[in-house]
Amino acid sequence: MGLPSVMVLPLLIVVAAGVYYIYNEVLQFMSKTLVRNKVVVITDAVSGVGAECAHLFHKAGARLILCGTTWDKLESLYDSLTTDSDPRETFAPKLVILDFSDMDSMEDVVAEVMECYGYVDVLICNSSMKLKAPVQSISLELDRNIMDINYFGPSCLAKGVLPAMMSRRSGHIILVNSIQGRLAIPFRSSYAASKHAAQAFFDCLRAEVEEYGIVVSTVSHTFINATEPPPAVEPAPKQNILTNYIASQLTHGVRPSVLANEILETVNRKRKEVVLAHPIPRVALYLRSLFPPFLFAVLAAGVKDSVLAEPMP
């Protein structure tokens, strides 16, 4: 006796839900087993994304080395991780003061990181400094500071952990970058330049160390929405509608928890390149490659409209 036709759809839904639940449980179990006992370094661990990564990897049983610029915030994160955690399943994190704006200290920082366990399995370069300003208003000193934090710092730290990874013929280096490392938009000249530099460095590094069994990944995301979505700006008269829409999509954020999960999945699946963005930024990337004059015209029109919309002095 067959099932009544009215029962087929609900039964399929229940079966699909069960399969999806089992699939998620298997993924969570695999994520814990794949990073368990691994030495994982997280830079700017006290930021929204860094803290989310710290909690995920700590629960999965990783041996964490958490880096940050202030000791108080690092200790606060340490307390939040170790409180109520099972010492039989997790490891107490090690803390290291790291400030990429002080490049003279990098040699000592690398030595301190390597002294923790003698090697590093996973390096997550998460630090970033943002800036939005017209080109002519940015000083050379500020340019250099942004390059230190967004490019020279991560590249220097990666170079510091490479020898041990190469000798062990294993390791994973992850650059948490920005979509502006692939697509430059107006008024972010220094920020986009530093992100382009970092993207290029880690792309080169990926090819150079593959023979040693080292994986290099880049995760390019849009604006990080740590709290509420940014307030909408009322369009000025005669402003380009298409430009406004593209700009709003380029800054449409991703949650720190979503980005942290993506980073964990990148480690587990050894993915080399991840773009975490909504459709409009993705389309803009394709336009940059296939129809650059059109994209340049749209961006230039947006700049012209924003200048015209400014009140007269």
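**Aromatic rings, charges and cysteines**

Good morning. A search of the whole structure, which is a predicted model, finds three aromatic pairs. Let me take the pair of Tyr151 and Phe201 to begin with. Their ring centres lie 6.1 Å apart and their planes meet at 75°, so this pair is edge-to-face. The two residues come from distant parts of the chain, 50 residues apart. Tyr151 belongs to helix α5, residues 140-168, while Phe201 belongs to helix α6, residues 189-209. Tyr151 and Phe201 are both buried.

Phe201 also pairs with Phe202. Here the centres are 5.2 Å apart and the planes stand at 80°, so this arrangement is likewise edge-to-face. Phe202 is buried, as is Phe201. Taken together, Tyr151, Phe152, Phe201 and Phe202 make up one aromatic cluster.

I turn now to charges over rings. Which residue lies over the face of Phe91? That residue is Arg63, found 4.0 Å from the ring centre.

Finally, the cysteines. A disulfide is a covalent bond between the sulfur atoms of two cysteines. How many disulfides does the model contain? The count comes to zero. Cys116, for instance, takes part in no disulfide. The cysteine sulfur nearest to that of Cys116 belongs to Cys67 and is 8.0 Å away, whereas a disulfide requires the sulfur atoms to be within 2.5 Å. As for Cys156, its relative accessibility is 26%, and it therefore counts as partly exposed.

Thank you for your attention.

Conventions:
Residues numbered from 1 in each chain as written. Predicted model: local features only at pLDDT ≥ 70, side-chain atom pairs only at ≥ 80, totals over all residues. Heavy atoms only, no water. Phe/Tyr/Trp six-rings, centres within 6.5 Å; stacked < 30°, edge-to-face > 60°. Helix = DSSP H or I, 4+ residues; strand = E, 2+ residues; numbered from the N terminus. Buried < 20%, exposed > 50% of the residue type's maximum accessible area, 1.4 Å probe, protein only. Lys NZ or Arg CZ within 6 Å of the ring centre and 35° of its normal.
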